[in-house]
Amino acid sequence: KKKDPRRNRELLEGLPVVEVIVEPDNVDLNRYRRIGEERTRTLEFEPGKLYVKETVRPKYGLKNNLSLPKEGESGVIIAPLPPSPIYKCLAGPSLPAEILLQKYEYHVPFYRQVKEYRHLGVRLPESTLSGWFKPVCELLSPLYSELVKLVTGSGYVQVDETTVRVINKGKGKTDKEYLWMVRAVMERLVIFHYDDGSRSGQTIRNLLKDFKGYLQSDGYAAYNIFEGKEGVFLVGCHAHIRRHYETAKEEISLRLNTFWLAKIQELYRIEQAVDIQGISPEMRMSKRQEQALPILDELA
């Protein structure tokens, strides 16, 4: 069997290239001429850099000190200072953005970021990063509100809640609290919602108070508050249904258990096939009506 071609070239496509020429020692160019070259590529890493951005604002004054400025003008003119994300803050916009990106996208806590910035030559106390955190989040709040409108305004969402450990300074330990996730499936948008760690039905009711459409969940009782609400249709999840049949193998008949698991497997094979084909949502719906609906009728 032939070996699969190496994908190094594809992996390195689009990256900047720094060319380093390594000459052999003691070459007498009177006796040798260049007949070719060999190139070897390696993937290298350069740590991030911190730099100081110095904003220079020239100040202008009237050349003739005896003349008066025109109406609406001033004797001294200087450009206004560009806006800063945090009032009278040392950090420019790029640094708080990177701090939040590291914290939420890469899960790097502040104390580890402090160590990284020390390696880059700046000693930032952890309390400084914590102090920048709240005002930056307040700046992002309007964007989050718009994202909530987009997600809750879609016609099909998936909802779930997951545990998160939150430090309780009074107790000196962490509490188990909950973070909600709402995903607009077709729009590929998602929001995360935290309400003092609550998992109550009132929390999700407040979040989805304006929602109309299909709401898919794992069947947690909190979602029952949407039963009977006009314009909202509760949808189950076959992954969770299958999980219950797996755990109930010894409590129900083997024949019934095997039948359900086999039918759910058929449904997932249909979905896998259309995923491979990469067809449009309309074609996927047609395939489901043709192939999946009879299976669901058997299970009804």
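**Note on helix packing and selected residues**

1. Among the elements that cover the buried residues of α7 are α6 (238–247) and α8. Buried stands for under 20% relative accessible area, exposed for over 50% and partly exposed for what lies in between, with a 1.4 Å probe and protein chains only. Helices (H or I, at least four residues) and strands (E, at least two) are DSSP runs, numbered from the N terminus. The model is a predicted one, in which local features need pLDDT of at least 70 and side-chain atom pairs count only at pLDDT 80 or more, while totals for chains, interfaces and linings use all residues. Residues are numbered from 1 along each chain as its sequence is written, and side-chain values use heavy atoms, with hydrogens and water left out.

2. The residues of α7 that count as buried are Asn257, Trp260, Leu261, Lys263, Ile264, Leu267, Ile270 and Val274. An α-helix has 3.6 residues a turn, so residues three or four places apart point the same way. From first C-alpha to last, the 24 residues of α7 reach 35 Å, close to the expected 34 Å; the expected span is 1.5 Å times one less than the number of residues. Just after α7, Gly278 has a positive phi of about 65°.

3. Helix α7 (residues 254–277) packs with helix α8 (residues 281–299) at an angle of about 180°, and their axes are 10 Å apart. The two helices are therefore roughly antiparallel. Axes are lines fitted to C-alpha atoms, for helices over the stretch in contact, and angles run from 0 to 180 degrees between N-to-C directions. Angles under 35 degrees count as roughly parallel, over 145 as roughly antiparallel, 65 to 115 as roughly perpendicular and the rest as oblique.

4. On the α7 side, the contact (heavy atoms within 4.5 Å) includes Phe259, Trp260, Lys263 and Glu266, and on the α8 side Arg284, Lys287, Arg288 and Gln291 are among the residues involved. By class, the residues of this contact are nine nonpolar, two polar and eight charged. Ala, Val, Leu, Ile, Met, Phe, Trp, Tyr, Cys and Pro count as nonpolar, Asp, Glu, Lys and Arg as charged, and the others, Gly among them, as polar.

5. Arg284 belongs to helix α8 and counts as buried because its relative accessibility is 19%. Its side chain makes a polar contact with the side chain of Asp275 at 2.6 Å. A polar contact is a pair of N or O atoms within 3.5 Å; within protein, one must be able to donate a hydrogen and the other to accept it, and residues adjacent in sequence count only if both atoms are side-chain atoms. Neighbours within four places in sequence aside, Arg284 touches Glu271, Val274, Asp275 and Ile279.

6. The axes of α2 and helix α4 (residues 126–152) come within 10 Å and cross at roughly 95°, so α2 and α4 are roughly perpendicular to each other. Leu95, Pro96 and Ile99 are among the α2 residues in this contact, and Leu129, Trp132 and Phe133 among those of α4. The contact of α2 with α4 has eleven nonpolar, no polar and one charged residues.

7. Two residues other than glycine with positive phi sit in loops. His107, with phi near 60°, is in the loop between α2 (94–104) and α3 (110–119), and at 60% relative accessibility His107 is exposed. Asp196, with phi near 55°, is in the loop between β5 (189–193) and α5 (201–207); its relative accessible area of 66% makes Asp196 exposed.
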